[in-house]
Amino acid sequence: MKKKRRSTRWKVTNLFLAFQVAIVLVFSGGHVYGMVDEPLLNLSLKNVAVKDALWEIEKQSKMVFVYNADDLGKAGKISMEIKGKTVREALDICLKDSGFEYVIQQNTVVIKRKAVPVTGVQMQTITGKVVGQDSVPLPGVTILLKGTSSGVVTDLNGKYTINIPVTGDPVLLFTFIGMKKEEINVAGKKVINVVLKEELTTVDEVVVTGIYSRKKESFTGSSETYTTKELKMVGNKNILESLRTLDPAFNIIENNQYGSDPNRLPDIEIRGKSSIVGFKEQFGQDPNQPLFILDGFETTLATIMDLSLDRVASVTILKDAASTAIYGSKAANGVVVVETKSPERGRLRLSYN
């Protein structure tokens, strides 16, 4: 009987402890991992690629992982059984003997290849910061020692630290999506701060159709593109007068019947035009005019005439039937695509009349 009482007392004690734990969970929101810095992961993977295992860790941790998929594709396959492990513990297991290491910055995990130490060669440490033209730090910039695969990436503040051998004439390569590549000779420097410039495609190399931009060499239609500088070189009256001078296929038909009426809209021909008679009087618009596109949207001839040359970035004339594949029958008489300049950051633009 005594033995039975002890068993009952033990059960009561455990029930009381379980009740206390339940109370704590209720007042803590029901999240056990809310008491620690990182969520606890549970994974059961067999013979999967390392990058697939990292993807599973990323999904459960809800953190942002940054890595080179091509490099991780060569890391082989692993099997791992994880229960109640933190992100760091899971990464230690996943990347063990893979030749890769990780760095955690707030909510971002950067995975990179381990630097291979060069034996018998003196090493030097280079530090610095990478920013854009607006002085904003650039995270995730790749910094490589030229001629090798040894490199690092910048952290969330654009800062980096890299160890390179003191041999020959080392050069660091700085690369980032949308930025021009920079090559900097170390030449005994210990601190190298870099400003990356945006890689902009010049207007001469592309054809802007108003819906998309295509490389000039891959565009099969007949077209001509003119920049603001070219338009201003031949006149400053309006876009149409400048195009008339620059492009022989763009004609403005003179009509002396209206004299010097400034409100009279001109008749325009691009490589000749079709003749649909009577619709101008019926609808108030001339169907024989070319189609005008301003920043991707159809507009009127009056709007193009009133547009200041200072606002224009480029003008593209689509001359043949290839433009009808984009705009349909409205483009039968040609298309004039006008792209305006993007506003400069931090500057106010005011127009008045």
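Before you select anything, one definition: axes are lines fitted to C-alpha atoms, for helices over the stretch in contact, and angles run from 0 to 180 degrees between N-to-C directions. You are looking at a predicted model, in which local features need pLDDT of at least 70 and side-chain atom pairs count only at pLDDT 80 or more, while totals for chains, interfaces and linings use all residues. Residues are numbered from 1 along each chain as its sequence is written, and side-chain values use heavy atoms, with hydrogens and water left out.

**The whole chain**

Show everything as a cartoon to start. The chain has nine helices and 21 strands; helices (H or I, at least four residues) and strands (E, at least two) are DSSP runs, numbered from the N terminus. Of the 353 residues in the chain, 32% are buried, where buried means under 20% relative accessible area, exposed over 50%, and partly exposed in between (1.4 Å probe, protein chains only). Now take the contacts between residues at least 6 apart in sequence: 56% of them join residues at least 24 apart. Contact here means heavy atoms within 4.5 Å.

**Stop 1: two helices**

Select residues 50-61, helix α2, and residues 87-94, helix α4. Their axes come within 11 Å and cross at roughly 175°. That makes α2 roughly antiparallel to α4 (under 35 degrees counts as roughly parallel, over 145 as roughly antiparallel, 65 to 115 as roughly perpendicular and the rest as oblique).

**Stop 2: a four-stranded sheet**

Next, look for the open sheet with the order β8-β7-β10-β11, where the pairing is antiparallel. Two strands pair if DSSP finds at least two bridges between them. At the edges stand β8 (151-153) and β11 (182-185), each with a single partner strand, so one side of each has no neighbour in the sheet. Neighbouring strands are turned by 20° against each other on average, direction ignored.

Zoom in on β10 and β11, which run antiparallel and are joined by four bridges. Pick F174 and you'll find it opposite E182 in β11.

**Stop 3: an aromatic pair**

(Rings of Phe, Tyr and Trp, its six-membered ring, pair if their centres lie within 6.5 Å; planes under 30 degrees apart count as stacked, over 60 as edge-to-face and the rest as tilted.) Y160 belongs to strand β9 (residues 159-165) and F174 to strand β10 (residues 171-175), 14 residues apart. Y160 is buried at 4% relative accessibility, and F174 is buried too, at 0%.

**Stop 4: a loop lysine**

Move to K189, in the loop between β11 and β12 (194-195). K189 is partly exposed, with a relative accessible area of 39%. Not counting residues up to four places away in sequence, K189 touches Q124, I126 and I184. Try the distance tool on K189 and Q124: they are 65 residues apart along the chain, with C-alpha atoms separated by 9.5 Å.

**Stop 5: a five-stranded sheet**

Now find the open sheet with the order β15-β20-β21-β18-β19, where pairing is mixed. The edge strands, β15 (223-227) and β19, each pair on one side only. From one strand to the next, the twist averages 25°. Five bridges join β15 to β20 (residues 312-318), and the two run antiparallel; T227 stands opposite S314.

Finish on T299, in β19 (residues 297-299). T299 is buried, with a relative accessible area of 17%. Leaving aside neighbours within four places in sequence, T299 is in contact with F292, I293, L294 and I304.

**Last stop: two faces of a strand**

Select β16 (residues 250-253): F250 and I252 are on its covered face, N251 and I253 on the uncovered one. In a regular strand, side chains alternate between the two faces of the sheet. Four bridges join β16 to β17 (residues 267-270), running antiparallel, and the bridge partner of F250 is I270.
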